[in-house]
Amino acid sequence: MYLHPEFEKLSRSEIEALQLERLKKTVRQCLRTEFYRERFAERRMTADDIRSLSDLRRLPFTTKQDLRDSYPFKMSAVPLSEVVRLHSSSGTTGTPTVILHTQKDLDEWANAVARCLYMVGLRPGDIFQNSSGYGMFTGGLGFQYGAERLGMLTVPAAAGNTKRQIKFITDFGTTALHAIPSYAGRLFEVMEEMGLDPRRDTKLHTLIIGAEPHSEEQRRRIEQMLGVKAYNSFGMSEMCGPGVAFECTEQNGLHIWEDYYIVEIVDPVTLEPVPEGEVGELVLTTINREAMPLLRYRTRDLTRILPGACPCGRQHLRLDRMKGRSDDMIILKGVNIFPIQIETVLMQFAELGNDYLITLTNEEANDLMTVEVELKEFSDDYPRLQALTREITRQLKDEILITPVVRLVAKGSLPKQEGKAVRVKDLRKTLI
Ligand code: ADP
Ligand code: ZN
């Protein structure tokens with residue numbers, strides 16, 4: 001059953017008191033690792049130097065590189081005999097890293113995921129299907145244990161085999177599905193090909209979408225296509241996996257569970273805190289972990305803290321929808337562009353499908369961006385397609401300030417991934 005609902009309702013002062021108590025404990029736990037002992041020694045700090053939450057800023061940052069350097073077990077704060085599971089990040093951006101869990105860590109993780117699912121109205125009696133890859137990818141087991149903790153009938157369908165996935169949805173009467181956003185679109189296309197109407201032929205009412213950046217427009221599309229409410233779910237292996245931050249039914253920002261994490265938003269260059277409400281790099285300190293606590297972990301994800309209180313009454317801070325990772329940013333002709341900006345424009349055209357690919361090339365020192373996007377339906381009305389291409393180009397230029405080459409391609413012609421979608425191909429040669 002879902003444990004500790006009282007933590008969801010904490011007031012700000014209760015959250016802060018709990019955070020300080022847990023931070024002190026976490027620091028002591030961290031000092032069992034050589035990595036943090038060295039960092040503290042460099043700063044001539046001891047665990048007793050943490051007296052208030054503002055002392056957090058004196059602590060060292062931890063980076064992905066630190067995790068790579070500690071591969072596989074050097075960051076363990078407990079004897080390996082107490083570690084019951086390891087996960088590895090999906091390695092989207094380089095060498096994998098390893099995250100270790102004690103049984104208590106796994107229990108707390110399941111609680112966090114159960115809390116998220118409960119928040120969006122899921123209850124025992126719901127049938128929860130998980131289309132994430134199982135194994136090292138935390139979206140599989142993370143949701144599995146969280147959904148079971150909540151007491152739902154859980155279908156570990158795993159990734160791929162879309163027709164079988166759909167058969168499960170219809171045969172078992174699946175009411176809630178977890179899918180990465182790019183896959184939700186694919187599911188709908190295959191349902192259509194099979195002559196199924198999700199509103200009529202399934203009992204789906206809730207979709208959990210996350211693990212990759214997506215725009216508000218893409219969420220609305222998913223909701224309309226499948227006739228569901230879709231909730232944004234944010235997590236990463238280093239912070240356990242799913243269950244870090246999740247939208248409530250207001251669908252306006254993701255509550256981050258502050259009894260598990262202390263949140264900072266910093267300028268990625270100066271590492272100083274950004275002014276309140278501004279976008280910067282999300283930095284998280286785990287305060288509820290035994291095997292591998294992390295201090296001030298630089299996630300590289302860019303977001304901001306939404307100002308004001310959430311009408312739902314929860315006092316845990318809300319993160320804005322992720323803008324992308326700092327390393328996803330495209331720099332073209334000196335302009336900084338996030339793929340999500342392009343997606344936001346594309347998704348406003350009803351004629352366009354859900355898949356697109358941004359390719360960057362350079363010819364004679366001239367950077368070029370090509371945006372290929374699938375049409376929703378076949379068309380040979382060339383004057384209309386030309387006008388559409390012109391309009392998309394114009395709106396993209398307004399958004400990203402450079403003029404891309406736009407190509408409308410047939411439905412299904414862009415490469416599909418089983419995991420997270422690849423939206424950008426950078427074929428530029430470095431000029432010496
Ligand atoms: P990898 O880092 O190898 O992709 P993870 O599976 O741990 O492995 O992915 C975590 C990352 O996925 C996050 O740091 C973030 O960049 C991205 N991510 C996860 N959930 C979301 C979300 N809801 N919106 C945007 N990005 C997300
Ligand atoms: Zn809320």
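Biologist: Why is Cys312 called partly exposed?

Modeller: The relative accessible area of Cys312 is 26%. Buried means under 20% and exposed over 50%, with partly exposed in between (1.4 Å probe, protein chains only). Cys312 therefore counts as partly exposed. This is a predicted model, in which local features need pLDDT of at least 70, side-chain atom pairs count only at pLDDT 80 or more, and totals for chains, interfaces and linings use all residues; side-chain values use heavy atoms, without hydrogens and water. Residues are numbered from 1 along each chain as its sequence is written, while chains are lettered from A and ligands numbered from 1 in the order in which they are written.

Biologist: Why is Cys310 called buried?

Modeller: Its relative accessible area is 7%, so Cys310 is buried.

Biologist: How do you know which residues are the protein donors of the zinc ion (ligand 2)?

Modeller: Donors are N, O and S atoms within 2.8 Å of the metal (3.2 Å for Na, K and Ca); water is not among the atoms, so sites may look incomplete. Cys248 (SG), His255 (NE2), Cys310 (SG) and Cys312 (SG) lie 2.1 to 2.3 Å from the zinc ion (ligand 2) and are its protein donors. Their spacing in sequence is C-x6-H-x54-C-x1-C.

Biologist: What makes the arrangement around the zinc ion (ligand 2) tetrahedral?

Modeller: Four donors count as tetrahedral if all angles lie between 85 and 135 degrees; four count as square planar and six as octahedral if opposite donors are over 155 degrees apart and all others between 65 and 115, and anything else is irregular. The four donor atoms here subtend angles of 104 to 118°, so the arrangement is tetrahedral.

Biologist: What makes a set of residues a nonpolar core, and which residues have the most contacts inside the largest one?

Modeller: A nonpolar core is a set of buried Ala, Val, Leu, Ile, Met, Phe, Trp, Tyr and Cys residues joined through side-chain atoms within 4.5 Å. The largest has 65 residues, and Leu59, Leu117, Phe128 and Phe246 have the most contacts inside it. Helix α4 (residues 103-119) gives the most to this core, with eight residues. Another core, of 23 residues, lies apart from it and includes Ile330 and Leu396.

Biologist: How do you know that β8 and β9 pair?

Modeller: Strands (E, at least two residues) and helices (H or I, at least four) are DSSP runs, numbered from the N terminus. Two strands pair if DSSP finds at least two bridges between them. Strand β8 (residues 245-247) and strand β9 (residues 254-256) have three bridges, in the antiparallel sense. Glu247 stands opposite Leu254 in β9.

Biologist: Why are β4 and β13 placed at the edges of their sheet?

Modeller: The open sheet has eight strands in the order β4-β3-β5-β6-β7-β8-β9-β13, with mixed pairing. β4 and β13 (318-319) each have a single partner strand, so one side of each is left without a neighbour in the sheet.
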